[in-house]
Amino acid sequence: MSNTFLEVLNGELIEREKIPHLPFIEFRKNVLNIVKDGGKVVQYFAYQDGAAIKLMIVLRSNILLVAGCDAPESYPSLSKTCEPFHMFEREIAEQFGIRPEGHPWLKMVRYHSNYRNLPDVFGNDYTEDIPGNYNYYQVDGEEIHEVAVGPVHAGVIEPGHFRFNCIGERVLHLEIQLGYQHRAVENLFHDVEAKRLPILAENIAGDTSIGHGLCMAQAVEALTSVQPDTGAKIIRTIALELERLANHIGDLGALSGDVAFLPPANYFGRIRGDFLNLALLLCGNRFGKGLVRPGGVRFPLDDDIRKTLDERIKELKPQVEHVLDLLFSASTVRARFEDCGIVSNYDAEKLGLVGPAGRASGMAYDVRRCFPTEHYGQLDIFENKKTTCDVYARARVRYDEILQSINIIQSLINEPVETRGVNEISYNLQPSSFVVTLNEGWRGEVSHAVLTDKNGKILRYKVKDPSFHNWNGLAMALRDTGISDFPLNNKSFNLSYCGFDL
Amino acid sequence: MFTTLKNRFEQGYRTCNYPKEKPAVFERYRGRPIIHKDVSPEMLETCAKACPQDAIDIGQKKIDMGRCVFCGTCEQISNGKFVTFTGDFEISTSEKNHLLTNGDLPSLAEHSKQHFKKLFGRSLQLRQVSAGGCNACEADLNVLATPFFDLARFGINFVASPRHSDGIVVTGPVSKNMKTALLKTYEAIPDPKVVIAVGSCTITGGPFRGSPEITEGLDSILPVDLFIPGCPPHPLTNLHGLLTFFK
């Protein structure tokens, strides 16, 4: 492993001048070597520092590695030989107008003009209405047909465009074009008053309020040298597991609905709501908004709440187990889940999939085990990778994690550790510093990176939702799959549009 | 087969009896805020300054529920002296300015448009458009279809096409990139049509106000009939809004 890069810990405060600032040629060479040896990209982004535009990268192997360089206006694309950079390079081109020459598929990520008022790399004129005004990838041939879906979908879901190129029922290629939800969240983080930061973080993706809230809180805690107490860490761990439970259970219900097995769909639909209500029990909001704050939590667990939580989980656990059994023992369900939408381990590695989608394709990575935060260091998080790489594997990962999360919560409820509710938060950030935080949200690795300037102002706030890695996994799953299996595959990934669109 | 029946038996009947009975919500839920008039000016100012959404109007001693995300910061730091967030989830309004409140809300039933009740009272088909936002509002609209709430028993459904619908439910701060799609969906709905704004993003821009990529207030581009505040609104708030306004 390269020692030109600086090893950092998850959530560790780093002085920016300690981060190696390499010449671009050397930066590139090292990055490619680390990734070739199995390293994965956690963050790769550009930022403006005075008049200069710089790049920064965070890679992970069994450790986290950081380095930076001056950004060239254009450079030979890394994606050409190293696929995991594909989305990151497109994002940097869109945000800062830096062109990766020879990028295999250079197109916009979120449809917005760049931050430097340079001509758009993709040739878009954003004074006009752009979304949808784009030449989608086309397959030629007599019997080829296209199916266009979105941005407004048939259900109550977020907007995005899906373009299928099919021959008969068979999908040759699916192109996913998002960006419709773009709200410029990253820029808001350094433009708005500090008191708004927690609210912003919780609203990057509402179904991952705790995941993103934790990343932001841990970053601010590092930058202000404030540490949450043990009780707060336990409550935050419980909250993150409740979030995972509600979403995984909802996903399995939705998967069941998509193979027309309605009893589990309805039962899990209701049980998911019960778990959302447990988040409300903790903090007054079904999505856990308002709970996590830099320095701890706003709502301690009192004995009454502890008792109710314990009782509810005891009541729900057998119901969950029985419905899981109902779903997974139905041969009709197995027949539809198995061998559907395979993303091979090879492809998953190249795409850099994370979370349940990655584990279903044989990649064991789990932030809770590899770079533990909060109370996870004290917990035993088992490896949960699968080998079949199909919808069944993605469902089965959730099955195991649902039972695991219930056990984690049950083991933590009865530890009556005192904690103090946090109201006053310091935002006096350490100047000229850097911090990167990672947490295992229910979709996988959520990560925030923060750079401060010499006055302690936020210079760059970078957000990465796991969906940023995984959308291309869905596109890959659809290759050579029947178009009627799209809903099933889509649910088996259940990715975030708003977390991606920022 | 046996497992299927056993599960059915275990699950039982789960649908709530709302609106006849109000289901209990956990104590920490924060619904309609009641302002305490005798709050000291200093405390009022401290709360207004700490409010992450700048939703407190000092002069009128009121909270703008269209901006508020119900985080409860003001209640906590004033130790309940400035405001109490009650367990009342029935907080929708037909006028945007009714959302600026000291705790008294005008009766939604009386302010709803009577011709809508006649037209849509027995059957209301809605198209939902998600226009930015964080997906929490969508999630809590979706749960209305689950057995506990069972929206369909009231003749209200979410449908797949604007052509089949009587109105539109909008969530999110209407991002620049969704504006055209939203307006086209609206145009595709046959007249007369209803517009419902769900969530603080849709009503005022919510957590994203100030962003150049969004529209601050759906009412600036479409005529909104019903405002359902919250971040996100509790499913029962949505249910109350729909039932009271149209039934």
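View 1. Strands (E, at least two residues) and helices (H or I, at least four) are DSSP runs, numbered from the N terminus.

A word on the model itself: it is predicted, so local features need pLDDT of at least 70 and side-chain atom pairs count only at pLDDT 80 or more, while totals for chains, interfaces and linings use all residues. Residues are numbered from 1 along each chain as its sequence is written, chains are lettered from A and ligands numbered from 1 in the order in which they are written, and side-chain values use heavy atoms, with hydrogens and water left out.

**View 2. A salt bridge in chain A links R60(A) with E445(A).** The two side chains meet at 3.2 Å, N to O. R60(A) is part of strand 5 (residues 52-60) of chain A and E445(A) is part of strand 15 (residues 444-452) of chain A, so this pair ties together parts that are 385 residues apart in sequence. A salt bridge here is a side-chain nitrogen of Lys or Arg within 4 Å of a carboxyl oxygen of Asp or Glu. Over all chains, the count comes to 42 salt bridges. Side chains of opposite charge can pair when their charged atoms come close.

**View 3. Chain A and chain B come together.** In contact across this boundary are 65 residues of chain A and 63 residues of chain B, with contact meaning heavy atoms within 4.5 Å. About 5,200 Å² is buried between the two chains, and carbon and sulfur atoms give 54% of that. Buried area is the accessible area (1.4 Å probe) that two parts lose on being put together, summed over both. On the chain A side, V156(A), K195(A) and R270(A) lose the most area to chain B, together 13% of what that side buries. K195(A) also joins D54(B) in a salt bridge (2.8 Å, N to O). Between chain A and chain B the salt bridge count is three.

**View 4. The second largest pocket has a volume of about 630 Å³.** Its lining has 29 residues, and the closest to the centre are H86(A), W105(A), L351(A), N472(A) and M476(A). Helix 2 (86-96), strand 11 (170-177), helix 10 (345-351) and helix 14 (467-478) of chain A each give two or more residues to this lining. Helix 14 of chain A has the largest share, with six residues. Sorted by class, the lining holds 16 nonpolar, six polar and seven charged residues. Ala, Val, Leu, Ile, Met, Phe, Trp, Tyr, Cys and Pro count as nonpolar, Asp, Glu, Lys and Arg as charged, and the others, Gly among them, as polar. On a 1 Å grid over the protein atoms alone, a pocket is an open set of points with protein on both sides within 12 Å along at least five of seven lines, a cavity is a set where a 1.4 Å probe fits but cannot get out, and lining residues have an atom within 4 Å of a point. Points are joined across faces, edges and corners, and a volume is the space filled by probe spheres set on them.

**View 5. The largest cavity holds about 160 Å³ of space.** Among its 18 lining residues, N285(A), Y29(B), R30(B), P232(B) and H234(B) are the closest to the centre. The lining divides into nine nonpolar, six polar and three charged residues. You'll find P232(B) in the loop between strand 10 (226-228) and helix 9 (235-246) of chain B.
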